[in-house]
Amino acid sequence: VAWLRAYSGLVLVIQHQDDCPPGVLADWAAARGVTLTVVRPDLGETLPDAASVESICVLGSDRSVNDDLDWIQAELAWVRDAVAVANSRLTIRSSSD
């Protein structure tokens with residue numbers, strides 16, 4: 001994706017489990033000099049200020065947005081805030097379903 005190479009800000013990858021890493025996206029980004037920052041809300045890691053993020057890649061999980069887990073509810077609120085900021089976004093979802 002050509003537009004991603006021009007980003008100078010934070011490209012955030014939200015990962016939810018060990019067996020669902022950025023994988024091919026990380027390889028692609030590294031080959032093009034794009035830095036990805038991976039955050040694991042499921043492990044208690046804090047998401048950055050939404051206004052500081054130019055691009056978001058949300059990876060899949062065997063969890064659901066309907067699961068009543070504190071980290072999922074906090075992530076959903078963060079995503080709503082990030083969308084409200086209205087910067088450019090990239091979202092990728094990969095799962096088995």
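The model is a predicted one, so local features need pLDDT of at least 70 and side-chain atom pairs count only at pLDDT 80 or more, while totals for chains, interfaces and linings use all residues. Residues are numbered from 1 along each chain as its sequence is written, and side-chain values use heavy atoms, with hydrogens and water left out.

Two salt bridges turn up in the structure, a salt bridge being a side-chain nitrogen of Lys or Arg within 4 Å of a carboxyl oxygen of Asp or Glu. Arginine 40 pairs with aspartate 18, with the closest N and O atoms 2.9 Å apart. That pair ties together distant parts of the chain, 22 residues apart: aspartate 18 sits in the loop between β1 and α2, and arginine 40 in the loop between β2 (36-39) and β3 (53-58). Arginine 40 also meets the side chain of aspartate 42 in a salt bridge, at 2.7 Å from N to O. Put together, Asp18, Arg40 and Asp42 form a linked network of salt bridges.

Histidine 16 is found in the loop between β1 (10-14) and α2 (23-31). With 8% relative accessibility, histidine 16 counts as buried. Neighbours within four places in sequence aside, histidine 16 is in contact with Arg40, Asp42, Val58, Leu59, Gly60, Ser61, Trp71 and Glu75, where contact means heavy atoms within 4.5 Å. Its side chain makes a polar contact of 2.9 Å with the side chain of glutamate 75. A polar contact is a pair of N or O atoms within 3.5 Å; within protein, one must be able to donate a hydrogen and the other to accept it, and residues adjacent in sequence count only if both atoms are side-chain atoms. A polar atom of the histidine 16 side chain also lies 2.8 Å from the backbone oxygen of leucine 59.

Zooming out, the protein chain has three helices and three strands, running α-β-α-β-β-α along the sequence; these are DSSP runs numbered from the N terminus (helices H or I, at least four residues; strands E, at least two). Of its 97 residues, 36% are buried. Among contacts with a separation of 6 or more, 77% are between residues 24 or more positions apart.

Terms used: Buried < 20%, exposed > 50% of the residue type's maximum accessible area, 1.4 Å probe, protein only.
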